[in-house]
Amino acid sequence: MRGQAEALVPMIEAVMAEAAADYGNLDVIAVTIGPGAFTGLRIGLATARAFSLAAGTPLFGVSSFDAVLAGAPVVAPDESTHKSVLVALETKRADIYAQMFDTAGAPVSDPAAVEETALAEFAGAELPVLVMGGGAERALKVLEAGGVDAVLSPAPAHADAGTIARMAASHWRPGLAQPSLEPLYLRPPDATLPAPRDLAAKP
Amino acid sequence: MNLLGIETSCDETSAAVISGGNGAAPSILSNVVLSQVDIHQPYEGVVPEIAARAHLSHIDRIVAQAMDEADIDFAALDGIAVAGGPGLIGGVIVGVMTAKAIAAVHKLAFLAVNHLEGHALTVRLTQDLEFPFLLLLVSGGHCQLLAVTGVGAYHRLGTTLDDALGEAFDKTAKMLGLGYPGGPQVELRAKTGDAGRFDLPRPMRGRPGCDFSFSGLKTAVRRRIEKIGAPTDTDIDDICAAFQCAVGDVLADRAGRALDIFERRFGDPSALVVAGGVAANQYLRGQLSNFAAARGLELAAPPPDLCTDNGAMIAWAGLERLRLGLTDGLDFAPRPRWPLDPNAAPAMGAGVKA
C-alpha cells in the first residue's frame, strides 16, 4: 500500500505518454473494485472516478475475483482435473475473501469473506475444486485439512492492469453505464457503538 | 484566477470554486459542504473508516455540483487545491487522488494545501488584511497561537499540552449527555445558563508563555456533574455557561501573553485573527473582541460558515500559494501529520494536536 497514493497518477501519465494517448480519446476507464485492502481500493477508485468526471469517460468496474480468473491461462472445462473453481484472496485476517465459479468461469456464489472453518462448505460438492488467487495456498491448506479434494492452479495470484484493460475491451459496450462505482468491501467498518450511559451513575 | 478547492480531511466532504488574485476582490463562486455528522452521531465521534467510505461515495458528485454552481468548466480553472493533511488519512487520500486526477486530465496547477493553512488564511479571503497577524487557531483537533508572517510562514507561540479546544467542548457535552458534536450544543445551553453558579478553574491563566491545557477544566466539570448526580436542565445550562466562561477567560489570558511575545519578536500585528471550527462560537468571539479592543487591536474572524471545514478555504490557500508559484507535483504523498510550524518543539502529551 505504501506509496500507491504517490505513484499512481504519475504512472498513469507515463502510460498515457508511452501510448501517445489523450485522456479525451479514451472510450472507457477500467478499475478493480475489490475486494482488497480498503485504502488501496479507495486510491484506485477515487482516481478512476475523478478521471471519469474530468474527462467525461465512462467507468468499467472489475471485481478482483473476475480479474484473477481472467488472468488465468485456461479455465478449460477439463473434468479430469477439476469440476469447480475457487478464487481465494488474502485478507491478512483470519478469514478469506472467496467466490466460487464453474469451469466455464461463470459465478456460482456471491463474493464473501469466509471464515476458514466455513470454507469447505463454501467450496461445495463439485469436486475437485481448482483454487487460485493471492489466498490460494492458505485456502488449499484449509481445504485439504478438511478432507476436500482441491488442486492448486498455476494461474498468477494477482491480475495486472493489462488484464483489467483487456476485460473492459471485451465486455464494455457504449451505453453500459456504471454511474457510481463503489468498492466491494465485503466487510463493515470497524466501529462499535458506545454502551448506553446512565448519566447519574457514570458520567 | 479560478481555483477549485477540495476538503476531505475530517467529516465534511466539500468542494468550492473561488475567483480572485488579479487585483479584484476575491469571490466565492460556489462552496458545497456535505456534513457527515448524521452517520457518525451514533458513535459519538468520527469513525475514520466510515468517514473514508463516505468521502469516496460523494466526492465526485460534490465536485461536479461545485463546478455546476460556479458555472465553470474544468478547462477554465487555473489550479486545483486539496487539503493534503493533517487529518484522517483515509479521507485525505480520497481528496488528494480526486484532485490529482482532475489536474492530470486538464493540465492544471496542483496544490497540496495544509488544512490548517486553509483555516489560517481564510480571513484574507473575506477581508483585506496584511501580514503579519496573530492567529488563534481553535478546532476539534487543534489549539494554537501562531505568528503568521506570510503565506507558508508560521511561528508557533503556544499550543495545547493535552486536549484541543473543540475536544474539550465535545467531552463536556458528552458528560452532560448532549450528544455529538457537542460544541454547538454547549454554546446553545450556555445562553440560558448562569455562568456564576459554578466556580471552574482557569487552567494556565497567569503562567508564563502562552500554552493551553484543558484536561483540568474537563476534570472539574466531571466532578461537578458527579456531585450533582442527575443534573436538571438548569444544572446543565449553568455548567455549560460556567465552562464557556472559563474558556473565554483562558483564551483572553493566553492571547494577551501571545501578543506580548508577538510584539517583541515581530512588531505590531495587523489584527488578532481567530479561525477554526471553535471560532464559530459567538460567545468566544465576543470575549476575544473585547480583549482585542482593550489592547487597541482589531479582531478579525471569518464568517461562521467559513470557520468550520469547507472547500473555499482550501481553494483560497491554494490561490495564495499559486500566485507565489508554490505548486506541488502529482507525486505528493498525503500527510496524516503536518505541523504548520515545522520548527516548533513537540509539546508533551499533545500528540498530533501540536
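**Two interfaces in one predicted model**

Okay, let's start inside chain A: domain 1 and domain 2 of chain A bury about 500 Å² between them, and 78% of that is on carbon and sulfur atoms. Buried area here is the accessible area, taken with a 1.4 Å probe, that two parts lose on being put together, summed over both.

Quick housekeeping. This is a predicted model, where local features need pLDDT of at least 70, side-chain atom pairs count only at pLDDT 80 or more, and totals for chains, interfaces and linings use all residues. Residues are numbered from 1 along each chain as its sequence is written, chains are lettered from A and ligands numbered from 1 in the order in which they are written, and side-chain values use heavy atoms, with hydrogens and water left out.

So where are these domains? Domain 1 of chain A covers 4–65 + 159–171, and domain 2 covers 74–152; bounds like these come from an automatic or database domain assignment. Their C-alpha centres lie 28 Å apart. Five residues from domain 1 of chain A and seven from domain 2 of chain A make the contact, meaning heavy atoms within 4.5 Å.

Which residues supply 84% of the area that domain 1 of chain A buries against domain 2 of chain A? They are A:Pro35, A:Phe38 and A:Phe65, more than any other three residues. Between the two domains there are zero salt bridges, a salt bridge being a side-chain nitrogen of Lys or Arg within 4 Å of a carboxyl oxygen of Asp or Glu.

Now over to chain B. Here 41 residues of chain B are in contact with 35 residues of chain A. The area buried between chain B and chain A is about 3,200 Å², with carbon and sulfur atoms giving 69%. On the chain B side, B:Arg53, B:Leu56 and B:Met97 supply 22% of the area buried against chain A, more than any other three residues.

How many salt bridges are there between chain B and chain A? The count is two. In one salt bridge, the side chains of A:Arg49 and B:Asp60 meet at 2.8 Å, N to O.

Which elements of chain B give two or more residues to the side that touches chain A? Those are helix 2 (48–70), helix 3 (89–106), helix 5 (165–175) and helix 7 (215–228); helices are DSSP runs of H or I, at least four residues, numbered from the N terminus. Helix 3 of chain B gives the most, with eleven residues.
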